[in-house]
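Please look over the structure shown here before reading the notes that follow.

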Amino acid sequence: MATFKAWVVEKGEAGQSLSFRDFDDADLMDGNVTVRVTHSGLNYKDGLAMTGAAPVVRRFPMIPGIDFSGIVETSDDPEYRPGDAVVLTGWGVGETHLGAYATRARVKGGWLVPLPDGLTAQQAMAIGTAGYTAMLSLMALEAHGLTPTAGPAIVTGASGGVGSVAVALLARAGWHVVATTGRTAEAEYLRSLGAAEIIDRAELAQPGKPLAKERWAAGVDVVGSATLANVLAMTKSDGAVAACGLAQGMDLPTSVAPFILRGVSLLGINSVTTPREKRRAAWARLARDLDLDTLSAMTTSVGLEEVGHLGDDILAGRIRGRTVVDIG
Ligand code: NDP
């Protein structure tokens, strides 16, 4: 029987386990495109899936890994032919559908996008779900009508994956970027990505006043909880904050004050089920607007055998920037 190598999450009496083993081709889930996976990425959600810290895996056994780039092996989808280079993020891959930490994946063609012109498969996963989410956040702020003339933009969790790409994209688009981090030793790294100011995340981590001094016009928040509440309380009139993460917590202990007294908007970002046209537009802009040297400077590569050990590290905030899983 044909097999391929994969990380596999299983659930038994003793709880969840993770192993690197052979997986039967015959056990791949339904889909009309089979892909030879060449690269994946490490995202916060992969940490949750591999460690079981939150119940993001909803089918066992599960191959974790929420994004990949690779080459189509077989396809019943008229849009894709063997040899095509493709990218996938989201759609429950690595959560409800067998995922990316493997040499092979079978998915629905409608979930894929062609590898954008100007990016290699490695660069696409250096961007990955995190970078794509950062672009969706920037697009949401722009769609709200915000431009760099409105004032600074804050990025929380700036040393992480979404945060690092958000800093680079906003700076490249002309924003004065305020980066918050718990790792002040990474100040130079953040400045190299384009941050103009660095603030210690402890300043925003505790519950604060419903309204505080106005400090920024826009924000990309990956942290949630009291941090997002404080970011909102410090947003200028008619500004907006794109909320995409929950690294501090899923709660949001805020009040209506920023919304009704300053006209601040909270923009929700969901990268998982973004419709096809917006998805392609976001990737095209990433290929056009993200400086590839800056991307390279924020990226570390690991082999497929190593990724299983990195779940705890990303949840603990020990991973800087983006990690590409080089599958070959
Ligand atoms: P990372 O772990 O790479 O980045 C998260 C960063 O948040 C850390 O690097 C750290 O930055 C900061 N952080 C960690 N713990 C805390 C804490 N307790 N309090 C305050 N800050 C903290 O993860 P990703 O960039 O991959 O993902 C970030 C978030 O975005 C996650 O919650 C993830 O689930 C979410 N996400 C959502 C998506 C969507 O579709 N909405 C898509 C992709 C990600 P520093 O050390 O600089 O402070």
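## A helix pair

Helix α2 contributes I127, A130, G131, T133, A134, M135, S137 and L138 to a contact with G161, V162, V165, A166, L169 and L170 of helix α3, where contact means that the C-beta atoms of two residues, placed from the backbone, lie within 7 Å. By class, this contact of α2 with α3 holds 10 nonpolar, four polar and no charged residues; Ala, Val, Leu, Ile, Met, Phe, Trp, Tyr, Cys and Pro count as nonpolar, Asp, Glu, Lys and Arg as charged, and the others, Gly among them, as polar. The model is predicted, so local features need pLDDT of at least 70 and side-chain atom pairs count only at pLDDT 80 or more, while totals for chains, interfaces and linings use all residues. Residues are numbered from 1 along each chain as its sequence is written.

**Geometry of the pair**

- The axes of α2 (residues 121–143) and α3 (residues 161–172) come within 8 Å and cross at roughly 45°, the axes being lines fitted to C-alpha atoms over the stretch in contact, with angles from 0 to 180 degrees between N-to-C directions.
- The two helices, α2 and α3, are therefore oblique to each other, a term for angles that are not under 35 degrees (roughly parallel), over 145 (roughly antiparallel) or 65 to 115 (roughly perpendicular).
- Helices (H or I, at least four residues) and strands (E, at least two) are DSSP runs, numbered from the N terminus.

**Backbone features**

- Most residues other than glycine have a negative phi, and most peptide bonds are trans.
- F60 and P61 are joined by a cis peptide bond with omega of about -5°, and P61 lies in the loop between α1 (44–51) and β4 (67–75).
- S225, in helix α6 (residues 225–233), has a positive phi of about 50° although it is not a glycine, and S225 is buried, with 20 other C-beta atoms within 10 Å.
- D238, in strand β12 (residues 235–243), is likewise not a glycine and has a positive phi of about 65°; with 14 C-beta neighbours inside 10 Å, D238 counts as partly exposed.
- Buried means 20 or more other C-beta atoms within 10 Å of a residue's own, exposed 12 or fewer, and partly exposed in between.

**Around the ligand**

- The ligand is surrounded by 32 residues, of which G157, S159, G160, T181 and G245 are the closest; a residue counts as near if its C-beta atom, placed from the backbone, lies within 6 Å.
- The elements giving two or more residues to this shell are α1, α2 and α3.
- By class, the shell has 13 nonpolar, 16 polar and three charged residues.
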